Amino acid sequence: DNQWPSNRVPIIANVTLNGKTAFDNIKVTTGEELTLSYDAADHDQDEIKWRFEVLKEATDLKDGGDFEEKPDAIEGLVLSEIEGKLIFKAPLESGAYRAFIYILDGNNHAATANIPFYVN
């Protein structure tokens, strides 16, 4: 019937890590201070909350909707967080990682975005 639902999901846009996008092949050094920036909004003006985690790049890759083992989140990296900006330390172990941001609107709606980076 071409109408929006009564409550819409929040949105995330303009996700960058140290000013670079997911297409920029981001390389950082172990323990480096990183800034994840993003824009978040909710069409319904719901109060939004955010959650953040850094995961090692998944290695249990399956086809289609098959279950994949989720890597454990790496704890203790966050230095400061305010809406739209998160400062954290790069993991101390070299390898491929992704920073995930989740925006929740309090009405069982969420948006997520992630940005890959490599730690040397």
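Contact here means that heavy atoms lie within 4.5 Å of each other. Keep that in mind as we look at this predicted model.

Let's start with Phe-117. Leaving aside neighbours within four places in sequence, Phe-117 is in contact with a list of residues that includes Leu-17, Val-54, Phe-88 and Tyr-97. Phe-117 also belongs to the largest nonpolar core, which has 24 residues; Leu-36, Phe-88 and Phe-117 have the most contacts inside it. Strands β1, β3, β4, β6, β7 and β8 each supply at least two residues of this core, and β8 gives the largest share, five residues.

Now for the sheet. Strands of a sheet pair through backbone hydrogen bonds, either parallel or antiparallel. Here, an open sheet of four strands runs in the order β2-β8-β7-β4, with mixed pairing. β2 and β4 stand at the edges with a single partner strand each, so one side of each has no neighbour in the sheet. Strands β7 (residues 95-104) and β8 (residues 110-119) run antiparallel and are joined by 10 bridges. Arg-98 stands opposite Pro-116 in β8.

What about the rings? The structure holds four aromatic pairs, and here are two of them:

| Pair | Centres apart | Angle of planes | Type |
|---|---|---|---|
| Phe-52 and Phe-88 | 5.1 Å | 55 degrees | tilted |
| Phe-100 and Tyr-102 | 6.2 Å | 10 degrees | stacked |

Phe-52, Phe-88, Tyr-97 and Phe-117 form one aromatic cluster.

Notes
Residues are numbered from 1 along each chain as its sequence is written. This is a predicted model: local features need pLDDT of at least 70, side-chain atom pairs count only at pLDDT 80 or more; totals for chains, interfaces and linings use all residues. Side-chain values use heavy atoms; hydrogens and water are left out. Two strands pair if DSSP finds at least two bridges between them. A nonpolar core is a set of buried Ala, Val, Leu, Ile, Met, Phe, Trp, Tyr and Cys residues joined through side-chain atoms within 4.5 Å. Buried means under 20% relative accessible area, exposed over 50%, partly exposed in between (1.4 Å probe, protein chains only). Rings of Phe, Tyr and Trp (its six-membered ring) pair if their centres lie within 6.5 Å; planes under 30 degrees apart count as stacked, over 60 as edge-to-face and the rest as tilted.
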